[in-house]
Amino acid sequence: SLSMAPETTGESVDGGLSSIASNFGINLGGANNDAIYPMLYPDLLSSNEFIVSLMDIQVATEDSSVVADYYTYLTKHQKKNWLTYPFVKMGNYLKNLLSTDKLSGPSNGKKLNPFMLSKYDYGIVEKVKINIDCSVDKKTDVISLSVKDQDRVICALLADSIRVRLQNFITDYRTSKARIDVDYYKHLVDSTRKEYDDAVEAFSNFSDRNMGAVLQKTISKRQKLEYEVQFKQNAYTAMCTQLEAMKAKLQEKTPVFTTLVSPTVPIKAAGPKRMIFVAGMLILSTIITVFFILRKEH
């Protein structure tokens with residue numbers, strides 16, 4: 001498990017009203033008007049696209065006996081429950097007889113398509129969704145993320161990978177417009193620089209060819225070219241200034257996530273609960289023993 005806090009950008013237009021409302025678990029939002037705000041992060045993590053993006057993560061078990069991508073680990077290296085395995089095996093066999101669906105995924109050289117999953121891959125994706133839990137505190141916007149897996153090292157690796165990919169997704173989303181603006185102004189800077197260089201070259205060539213000229217027409221032409229150089233220089237300088245401003249805006253738009261609790265390799269297993277298992281076996285053995293005693297007395 002881990003927890004992190006996203007940076008809040010922009011001034012809220014409602015003053016302290018948002019702060020008061022947050023005490024009652026109500027989020028009025030701020031002035032940034034993001035389409036994807038922290039309360040929607042759980043929905044993002046439960047989407048097929050995000051889950052499928054985790055399948056290519058390289059994982060390794062604690063004893064290093066398995067080193068593979070996450071999809072291969074889920075499909076070929078999971079420990080089976082010996083109590084339910086015969087029933088699951090029989091159920092899968094019957095499903096395969098009635099279905100023409102085939103296995104697809106990185107294990108046979110194909111990438112999962114979140115738009116069209118096979119039944120087998122859909123089951124894998126749903127299993128991963130169950131093992132990932134994400135919640136957001138309405139008052140503080142603190143994101144809590146917990147991951148379950150059979151291997152404790154893979155569990156910690158997966159939790160950290162999900163944290164990084166969530167941060168990258170939100171960063172790309174919030175900076176997409178600013179990055180487009182930066183690329184656009186880079187193009188304008190290159191274009192105005194070329195126009196400025198062409199204007200300087202034209203002015204220099206004309207001046208060299210007409211040194212010492214006294215005709216008013218020639219003088220006017222040279223002044224016109226000189227004004228053209230000045231104009232192109234001003235345009236180039238303005239575009240450079242705009243480019244630097246867009247770079248600063250891009251940096252401002254880049255969100256910062258503070259990791260409050262880092263993922264660590266768990267010491268104790270989340271399940272099955274040993275005390276519950278022992279209590280269940282005691283109750284079962286008691287019932288069986290009482291049954292046989294009463295049966296014998298009867």
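This note goes through a predicted model point by point, from the overall make-up to single residues.

1. Overall make-up. The predicted protein contains nine helices and six strands. Of its 298 residues, 29% are buried. Among contacts between residues at least 6 apart in sequence, 69% join residues at least 24 apart. The exposed surface comes to about 20600 Å², with carbon and sulfur atoms supplying 59% of it.

2. Salt bridges, total. How many salt bridges does a search of the whole structure find? The search finds nine.

3. K129 and E126. The side chains of K129 and E126 form a salt bridge, with N to O at 3.3 Å. Both residues sit in helix α6, which covers residues 119-131, and they are three residues apart, so about one helical turn separates them. K129 counts as partly exposed because its relative accessibility is 22%, and the cut-off for buried is under 20%. E126 is partly exposed as well, with a relative accessible area of 26%.

4. R163 and D160. Here the salt bridge between the side chains has an N to O distance of 2.6 Å. The two residues belong to helix α7 (residues 152-209) and are three residues apart, about one turn of the helix.

5. R193 and D197. A salt bridge joins these side chains at 3.3 Å, N to O. R193 and D197 are four residues apart in helix α7, so the separation is about one helical turn. Both count as partly exposed: R193 has a relative accessibility of 39%, and D197 has a relative accessible area of 35%.

6. S118. This serine is placed in the loop between α5 (85-98) and α6. With a relative accessibility of 8%, S118 counts as buried. The S118 side chain makes a polar contact, at 3.1 Å, with the side chain of D121.

7. Aromatic pairs. The search of the whole structure gives four aromatic pairs. Why does the pair of Y184 and Y185 count as edge-to-face? The ring centres of Y184 and Y185 are 5.4 Å apart and the planes lie at 75 degrees; planes over 60 degrees apart count as edge-to-face. Y184 is partly exposed, with a relative accessible area of 47%, while Y185 counts as buried at 17% relative accessibility. F291 and F292 form another edge-to-face pair, at 5.7 Å centre to centre and with 80 degrees between the planes.

8. Nonpolar surface patch. Which residues make the nonpolar surface patch of about 810 Å²? The patch consists of F277, V278, M281, L282, L284, I288, F291 and F292. F291 and F292, the edge-to-face pair of the previous point, are thus listed here among the patch residues. I288, another of the patch residues, is found in helix α9, which covers residues 274-297. At 39% relative accessibility, I288 counts as partly exposed.

9. S64. The phi angle of S64 is near 60 degrees, which is a positive value in a residue other than glycine. S64 lies in the loop between β2 (58-60) and β3 (67-69). S64 counts as exposed because its relative accessibility is 52%, and the cut-off for exposed is over 50%.

10. D141. Where does D141 lie? The residue is in the loop between β4 (132-136) and β5 (143-147). D141 is buried, with a relative accessible area of 18%.

Note on methods. Residues numbered from 1 in each chain as written. Predicted model: local features only at pLDDT ≥ 70, side-chain atom pairs only at ≥ 80, totals over all residues. Heavy atoms only, no water. Salt bridge = Lys/Arg side-chain N within 4 Å of Asp/Glu carboxyl O. Buried < 20%, exposed > 50% of the residue type's maximum accessible area, 1.4 Å probe, protein only. Polar contact = N/O pair within 3.5 Å; in protein donor to acceptor, adjacent residues only side chain to side chain. Phe/Tyr/Trp six-rings, centres within 6.5 Å; stacked < 30°, edge-to-face > 60°. Patch = residues over 30% accessible without salt bridge, like charges linked within 9 Å, V, L, I, M, F, W, Y side chains within 5 Å. Areas by Shrake-Rupley, 256 points an atom, 1.4 Å probe, with all protein chains shown as cover. Contact = heavy atoms within 4.5 Å.
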